[in-house]
Amino acid sequence: MPSANVRGAQPSADRRLSTLVRHLLPSSARTATTTTTTSAADSLEAFPTMASPSSVFAGLAQAPEDPILGVTVAYNKDPSPMKVNLGVGAYRTEEGKPLVLNVVRRAEQMLINNPSRVKEYLPITGLADFNKLSAKLIFGAESPAIQENRVATVQCLSGTGSLRVGGEFLARHYHERTIYIPQPTWGNHPKVFTLAGLTVRSYRYYDPATRGLDFQGLLEDLSSAPSGAIVLLHACAHNPTGVDPTLDQWEQIRQLMRSKSLLPFFDSAYQGFASGSLDKDAQSVRMFVADGGELLMAQSYAKNMGLYGERVGALSIVCGSADVAVRVESQLKLVIRPMYSNPPIHGASIVATILKDSAMFDEWTLELKGMADRIISMRQQLFDALKTRETPGDWSHIIKQIGMFTFTGLNSDQVAFMRQEYHIYMTSDGRISMAGLSARTIPHLADAIHAAVTKLK
Amino acid sequence: MASSAAAFAVLRGGKSEARAGCRVGITRKNFGRVMMALAVDVSRFEGVPMAPPDPILGVSEAFKADKNDLKLNLGVGAYRTEELQPYVLNVVKKAETLMLEKGENKEYLPIEGLAAFNKATAELLFGADNPVLKQGRVATLQSLSGTGSLRLAAAFIQRYFPEAKVLISSPTWGNHKNIFNDARVPWSEYRYYDPKTVGLDFEGMIADIQAAPDGSFVLLHGCAHNPTGIDPTPEQWEKIADVIQEKKHMPFFDVAYQGFASGSLDEDASSVRLFVERGLEVFVAQSYSKNLGLYAERIGAINVVCSTPEVANRVKSQLKRLARPMYSNPPIHGARIVANVVGDPTMFGEWKQEMEEMAGRIKNVRQKLYDSLSAKDKSGKDWSFILRQIGMFSYTGLNKTQSDNMTDKWHIYMTKDGRISLAGLSLAKCEYLADAIIDSFHNGLGTAK
């Protein structure tokens, strides 16, 4: 075998090939087979699908498909006309089609028809207007933190990018390198923070018995976290459970966190999308800002403006003083420059155009409420359908949970059954995207759930 | 809540007694007990130092702040017209109008990006008829322009080749080191620029690549080396390939100027294709910032030529695994523009023409600058290196002090390594620039601050 570039991979690749050869060759050949690499390589000629010995990537394994995005991949392969995709959280209309908001189309038209528009590099921190408007949107225009110039905001690549840049910043500049994430949480959270250089631990969140919040467990786990630890909080419409704390519970969480100097890191991917009201969905965040404390905030416009593929988001760090905010921003630039230099302009321009024009802003809030209302209606219809079928179990969590997702409580066997028998696609944790449902597909889903819970435990 | 708001207001009056950054809140619990919750003591980020401005992007910031009429921005490599205005290619405007008419949706792209873009970009780079494409041996992922492509590759190297280091040219684009540092990939330099000849230190380059441990990654600029503008000749490329092959190094190309250097897409890709033709596995980072003027759209790709399609699949799967926790999936807009332009023969032809015009303008400016320098400089210094360099930049040979003189005295903004962006120069300004360079070169040495 020619020498590979990777010192580590070479011997293990040899061993693997020899083992493979020993098991795959007919027994008579096996006795003659030695473990020298030359004869192993010779006998491999019959197996053209094996990794080529001449690649430096010989030892590289195939990565599994991303569990969330992989659902859509599997769905696309399914030829059944009955199939329903309840996997990834992208909004669908009643007709099952993706939606580009009217106000977004209009903003885009304005941008593209503007003869003086250029495509010069944005600053590392992104589009300035976009940053200011985003901070106002989440914190409130009258927020003292904004008035006092204590907020450092940088445009990032949607929610993921904002979380990653925030995580990298903390790993470099914050004394506590542990982040507590809720159990369960969005599948990508632990990976983002681990690669950012933080240690990930979890706090109890979801109670399968009540299909609601394990508030005691949450308080206990945060109480026992080391002082100063970072805590990831879903601002609203918790993903994947749809279970949010009440305002009263949020207040208790806030007090506990402040008393232990725990650093809040909010993930806001659904502002306006959960309840239909932008202000209501920002209440948890604003409560924390109001006490004057510091926090990180990752904002995404993927869902609430339907800008999924444009990758628009912002990371805001609310700091103790304006002076600190300036220095923090300068350090955020050092994280961003070696990652992608500066962010993409198109989506941010669309957002800025809409947010700064009051007529367009109002139009947006109407379309946003329309989407939120449709989802709330899907919840009610599914709940009613299960009730009609007298499906065993308490399904009230479907209407109690909020946002795009419902944590059905179905186990992985039931999920697999529903995929096989009913061509219903969801993530294996039993999470369904309500946005993927319609009046037409609800009966099919209700039938599938009914069958799954009655036939499998 | 009203009572606590009032209490808060009272406390604010006494703020002067509190330490800087200290905020105090009072909240009343249900059963009437007042609880003092000290929200924050001093900022947790009090110890965060002010970061220095980016050496390249910071130049534009300084330029903006300068109020002098004579100012000239020769810092960042962004193309300017003769009127020194930013330029959006006509073909790009056409593509965007077409996209608007099509009214496509804005759904998430797959992690690896837009399929039509990935196909087009690989064909553009390797040649549509290249056997490696037909054999399915290339793993291509749409990424965030050149920087994002390099960063993904660096993350991949860190994870799967933890013993390896990257060899980068001395000098190289300033951000290369930052990328590998942040990705925690060790690097060392190979000699490249020879200040005596203002040309390539070829012997030094070969010697250093030879001396590196087997299996190193060698970062090569596909064409129009940044910052020097000095490229190896085809014969020298062959020799570079020889030594890389002999040492079982991995060639790692950074291609940010395909089509922009010579004006020809194929000619500018010849170095990459030379290596691929030898059957080597190769990394190539691509950017459309300059050649399609899509700077702010962040569109590029990381390509890995592998020995078999099966290996390419595995490599692609692992690159996806690194992209997902960085940004999940890449932005659609720039990818669609490229796919539309490259996919339509008329638009593709128009693009090639506009690119030739941009490259042509830069060549003209080079000539005029050289002519001005030769005419004005009485010292007999040989300025012909300017004509031998290629691409957007010229490495003037000015040192930091001299570069400072350019800025402080002449209001000419450039990077401190002596690099000027000819893309930011007009024919009209060549004489002024020549005066500044001559002055800084001969008189700028003693003006260190």
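**Notes on the two chains**

1. In chain B, seven strands make an open sheet in the order 4-12-11-10-9-5-6, and the pairing is mixed. Because strand 4 (138–143) and strand 6 (187–191) of chain B are at the edges with a single partner strand each, one side of each has no neighbour in the sheet. On average, neighbouring strands of this sheet are turned by 25° against each other, direction ignored. Strands pair here if DSSP finds at least two bridges between them; helices (H or I, at least four residues) and strands (E, at least two) are DSSP runs, numbered from the N terminus.

2. A word on the basis: this is a predicted model, in which local features need pLDDT of at least 70 and side-chain atom pairs count only at pLDDT 80 or more, while totals for chains, interfaces and linings use all residues. Residues are numbered from 1 along each chain as its sequence is written, chains are lettered from A and ligands numbered from 1 in the order in which they are written, and side-chain values use heavy atoms, with hydrogens and water left out.

3. Within the chain B sheet, strand 5 (residues 166–170) and strand 9 (residues 217–221) of chain B run parallel and are joined by two bridges. L167(B) has V218(B), in strand 9 of chain B, as its bridge partner.

4. Two helices of chain B are worth a look. Helix 7 (residues 174–182) of chain B lies across strand 5, strand 6, strand 9 and strand 10 (250–255) of chain B, at about 150° to strand 6 of chain B. Helix 12 (residues 309–327) of chain B lies across strand 4 and strand 12 (300–305) of chain B, at about 15° to strand 4 of chain B. Axes are lines fitted to C-alpha atoms, for helices over the stretch in contact, with angles from 0 to 180 degrees between N-to-C directions; contact means heavy atoms within 4.5 Å.

5. Chain A has an open sheet of seven strands in the order 2-10-9-8-7-3-4, with mixed pairing. Strand 2 (151–156) and strand 4 (199–204) of chain A stand at its edges, each with a single partner strand, so one side of each lacks a neighbour in the sheet. Six bridges link strand 9 (residues 295–300) and strand 10 (residues 313–318) of chain A, which run antiparallel. Helix 11 (residues 247–259) of chain A packs on the sheet and touches strand 7, strand 8 and strand 9 of chain A.

6. Now the interface: 98 residues of chain A contact 96 residues of chain B. The buried area between chain A and chain B is about 8200 Å², with 57% from carbon and sulfur atoms; this is the accessible area (1.4 Å probe) that two parts lose on being put together, summed over both. F57(A), K119(A) and Y121(A) supply 10% of the area that chain A buries against chain B, more than any other three residues.

7. Between chain A and chain B there are 12 salt bridges (a side-chain nitrogen of Lys or Arg within 4 Å of a carboxyl oxygen of Asp or Glu). One of them pairs R337(A) with D54(B), at 2.9 Å, N to O. E107(B) also forms a salt bridge with R92(A), their closest N and O atoms being 2.9 Å apart. E107(B) is in the loop between helix 3 (90–102) and helix 4 (115–126) of chain B, and R92(A) in the loop between strand 1 (84–85) and helix 5 of chain A, so this pair joins two chains.
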